[in-house]
Every structure is written in structure tokens, then in C-alpha cells.
Amino acid sequence: MHLQALTKFASTDEFRANLVTIAERLQAVGTSLYQRIELGTGCRVYPAIADSTARQLQLLARLVDEPIEITASVCRTVFEINVVFRYCFSSPQHLDDYAIQAATDEISIYKSLRGLANGESDANDVKVLDSHIEQMRATLLKHGKSLKPDRPSLFQMAKAIGLEEEYQSFYGIYSKYVHASAWFVLRKREHIDLPMYRLPMQIHAQLYGADTLERQKEIQRNTEKGDEAGTDKSSEFPN
């Protein structure tokens, strides 16, 4: 299916309905992939990617009438998840590194919370954070996982999968709304929140959500072909 066939914008109601439709399809295919142990780490990562994308699309459907920075934030996340997904599928090592990052990210969050502690913080709370950090470090080491998995920037991932120009163009729009850019802070609301800025982000949120959906469906089809042929075809996936 051509991705444009999954992208609509004729009215706000149609836009909402299409986002919900893509989200429901993502969650359905994600549920099916969760059972496919032949995908290895992918049987955990791919369904999570599908569900996370679906939740963002559902969020945008609910908040489409809110200020433009909400649209920008959701579009950014949907795009970034799509880049991560495509990058992970390009290499088993990339997939494994990304899966490990869930634990190292959690360690980083605990360390940051600990760094925010002050003289008024409960000492027991700090000890709990330290305990969690050590437990997670020990678990990673026990399973032979790196405490510092490869962590390329989003730009590096986009470049590796051939989306360098697209990244630069799309980032040039949404970044102005999700950071404290002079455009966002100094321009009047009626100047920065116009359809000419909203529409490209809303259309691309659907496009990247649909791309993630179609790639997940391709994985699903390949695993089903493997069932029929008695072989593992789950890694056969178009770039």
C-alpha cells in the first residue's frame, strides 16, 4: 500500500479518525509480533515501537486543537521512533544496543534524580535510588551487556538509513516549537500558530506512523511465510 493512501487531511474529524485507525492497526500488529520468539530481541522491541507510535498518534488525535507546540512534540516523537525503528532493523547489533539502552536510560534517570537531591531530601529515598542503580548495573553485567551501549545521535541514525536530508528538513520545522527558539519565544502566537506550519507536521505524523505500520506488517508477513515454509524469514525486510 502506498503510504499516501494512509494519509488524510480534509477536516479535523477525518484527521482524528485516520490517526486512530493507524494507531489501532499498529497495536494489532504489535500484539501479533510479541508472540514471535524467532525475532529474538525484536519480539520485545518491535511491539513496543508499534505501541509507542500508536499512543502518540492517539494523543495527537485528542489534542489536535491544542497549541501548535503539542502537534510539534508529537510529530517529533513519531518521526524519531520511525528513525530508530528503521535503524534497529538495519543491524542485529543496532537492535541489541537499543534494547540495552532501556536499562542504561533508567540508570541515567536515577542518577539525575539523585543529583537533584538536596539537604532536605529523605536519606532513605537516596539509598533506594543507589540500590536500584547497583541492581541494574549488576543485572547488565551478569548478562554480559555493556553499561555503555553504542548510542548514535538521531542525526547519525537518520544518515545511516538514508534519511539525512529528510531529517534536516523536518527537524528545521518541529525543533523551533519544542525548544526555546527565538521564533517560538519572541513571535506572537497568531504568527507562529498558522495552518501553513501545522499542516506539514500533521501530514508527516501520519506518514511516519504509516511507514512504521507498513514495516511492522512486512515483518509480520515474513514471519508468517516462515511458518508456511518451515524457515525463518523474519529478517527479510526492505530498506
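1. The crossing of helix 4 and helix 5 is left-handed, a crossing being called left-handed if the near helix is turned anticlockwise from the far one by less than a right angle, and right-handed if clockwise. The model is a predicted one, in which local features need pLDDT of at least 70 and side-chain atom pairs count only at pLDDT 80 or more, while totals for chains, interfaces and linings use all residues. Residues are numbered from 1 along each chain as its sequence is written, and side-chain values use heavy atoms, with hydrogens and water left out.

2. Helix 4 and helix 5 (residues 123-142) pack at an angle of about 160°, their axes lying 10 Å apart; axes are lines fitted to C-alpha atoms, for helices over the stretch in contact, and angles run from 0 to 180 degrees between N-to-C directions. That angle makes helix 4 roughly antiparallel to helix 5, given that angles under 35 degrees count as roughly parallel, over 145 as roughly antiparallel, 65 to 115 as roughly perpendicular and the rest as oblique. The helices themselves are DSSP runs (H or I, at least four residues), numbered from the N terminus.

3. In the contact of these two helices (heavy atoms within 4.5 Å), residues including Ile 100, Ile 107 and Tyr 110 in helix 4 meet a set in helix 5 that includes Val 126, Ile 133 and Met 136. The residues of the contact of helix 4 with helix 5 divide into ten nonpolar, two polar and five charged, where Ala, Val, Leu, Ile, Met, Phe, Trp, Tyr, Cys and Pro count as nonpolar, Asp, Glu, Lys and Arg as charged, and the others, Gly among them, as polar.

4. Helix 3 and helix 4 pack at about 130° with axes 6 Å apart, and that angle makes helix 3 oblique to helix 4. Here Val 84, Tyr 87 and Cys 88 in helix 3 meet His 94, Leu 95 and Tyr 98 in helix 4, a contact with five nonpolar residues, one polar and no charged.

5. The largest pocket holds about 530 Å³ of space, a volume being the space filled by probe spheres set on grid points that are joined across faces, edges and corners. A pocket is an open set of points on a 1 Å grid over the protein atoms alone, where a 1.4 Å probe fits, with protein on both sides within 12 Å along at least five of seven lines, and lining residues have an atom within 4 Å of a point. Of the 23 lining residues, the closest to the centre of the largest pocket are Val 84, Tyr 98, Gln 101, Asp 105 and Met 157.

6. Helix 4 gives the most to this lining, with seven residues, and the lining of the largest pocket comprises 13 nonpolar, four polar and six charged residues.
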